[in-house]
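Please look through the sequence and the 3D structure shown here before reading on. The text then goes through the backbone and the charged side chains.

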Amino acid sequence: MTDLGLPPQIRACLFDLDGVVTRTAVVHAAAWKETFDSFLEERDGAGYRPFDAAHDYDEYVDGLPRTDGVRTFLASRGITLPEGAPDDPPDAVTVQGLGNRKNELVLAKIREGGVEAYDSTLAYIRAVRARGLATAIVSSSKNCLDVLRAVDAVGLFDVRIDGVVAAERGLPGKPNPDTFLAAARDLGVRPSEAAVFEDALAGMDAGRAGRFGQVVGVDRVGQAEALRAHGADIVVQDLGELGGDGGSSRPAEPAEPTRTPGGGG
């Protein structure tokens with residue numbers, strides 16, 4: 001292992017956003033709960049079973065593209081809705097409508113200052129870059145660029161594969177490995193030369209399926225064994241445990257990811 005806690009063949013690091021780089025997982029969990037509780041109460045009345053922000057979030061929506069999260073959670077309750085259209089209003093009782101309702105809530109929480117970065121993760125990324133390794137952000141969120149701007153971290157990544165880019169390229173989301181594989185390709189490395197950093201079980205599945213050189217599980221909620229079961233080679237509670245010196249000698253960083261096609265998050 002290198003002083004970054006990585007196998008020596010690793011040339012690139014691929015980071016998930018929510019729960020790894022930023023604390024936005026709690027924002028997303030709150031938005032999902034508000035969305036689904038409102039829908040379930042409207043559908044089932046006062047005796048509805050609420051969305052569990054711990055179990056239901058981790059099991060059915062964490063790490064998935066927004067509409068996949070809607071479908072997966074509803075399926076767990078035996079509920080099927082019409083798909084609808086991407087521009088459905090947030091009060092539409094469709095998969096797309098519920099997804100848009102959740103997105104409006106997330107954006108409102110971001111504007112209210114609900115985004116914080118993990119300082120130890122930013123320090124680790126700077127150390128990675130100081131040692132000449134390439135970096136990518138890989139997120140199912142279509143708000144990824146807005147979130148990175150909110151924490152002044154856009155320039156820490158050479159490539160961005162987010163929900164916007166995935167839609168443009170027709171890439172299926174996690175647990176499929178396609179978004180991570182696309183990031184590796186854009187960085188010019190083989191999967192065996194890239195490390196994946198994820199906190200979601202779906203992300204672990206994606207890392208294992210993609211046969212990456214190292215899959216690092218970041219355990220923020222006490223699910224270390226589940227992360228290992230889903231494919232983590234190593235589990236840490238914080239990326240500072242892996243080493244690095246904070247990257248004080250890092251080279252100048254570009255203002256925007258330099259090799260990412262597509263528009264904003």
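Predicted model: local features only at pLDDT ≥ 70, side-chain atom pairs only at ≥ 80, totals over all residues.

Residues are numbered from 1 along each chain as its sequence is written, and side-chain values use heavy atoms, with hydrogens and water left out. Helices (H or I, at least four residues) and strands (E, at least two) are DSSP runs, numbered from the N terminus.

Most residues other than glycine have a negative phi, and most peptide bonds are trans. The bond between Lys174 and Pro175 is cis, with omega at about 15°. Pro175 sits in the loop that runs between α7 (163-169) and α8 (178-187). Asp152, which is not a glycine, has a positive phi near 55°. Asp152 belongs to the loop between α6 (144-150) and β3 (159-161). With a relative accessible area of 68%, Asp152 is exposed; the terms used here are buried for under 20% relative accessible area, exposed for over 50%, and partly exposed in between (1.4 Å probe, protein chains only). Arg211 also has a positive phi near 55° and is a residue other than glycine. The loop between α9 (201-209) and β5 (214-218) holds Arg211, and its relative accessibility of 71% makes Arg211 exposed.

Asp62 is buried but has no salt bridge, a salt bridge being a side-chain nitrogen of Lys or Arg within 4 Å of a carboxyl oxygen of Asp or Glu. Which side chain of opposite charge is nearest to Asp62? That side chain is Lys174, 8.0 Å away; Lys and Arg count as positive and Asp and Glu as negative, while His and the chain ends are not counted. Apart from its neighbours within four places in sequence, Asp62 is in contact (heavy atoms within 4.5 Å) with Tyr57, Asp199, Ala200 and Ala202.

How many salt bridges does a search of the whole structure find? The search finds 18. One of them joins Arg131 and Asp3, whose closest N and O atoms are 3.1 Å apart. Arg131 lies in the loop between α5 (119-130) and β2 (134-138), and Asp3 in the segment before β1 (12-15), so this pair ties together parts that are 128 residues apart in sequence. Arg131 is partly exposed at 30% relative accessible area, and Asp3 is partly exposed at 47%.

Another salt bridge is formed by the side chains of Arg23 and Glu116, at 3.6 Å from N to O. Arg23 is in the loop between β1 and α1 (24-44) and Glu116 in the loop between α4 (95-111) and α5, so the two tie together parts that are 93 residues apart in sequence. Both ends are partly exposed, Arg23 with a relative accessible area of 36% and Glu116 with 48%.

Arg71 and Glu83 also form a salt bridge, with the closest N and O atoms 2.7 Å apart. Arg71 lies in helix α3 and Glu83 in the loop between α3 and α4, so the pair ties together parts that are 12 residues apart in sequence. Arg71 is partly exposed at 32% relative accessible area, and Glu83 is partly exposed at 33%. Finally, a network of salt bridges links Arg11, Arg190 and Glu193.
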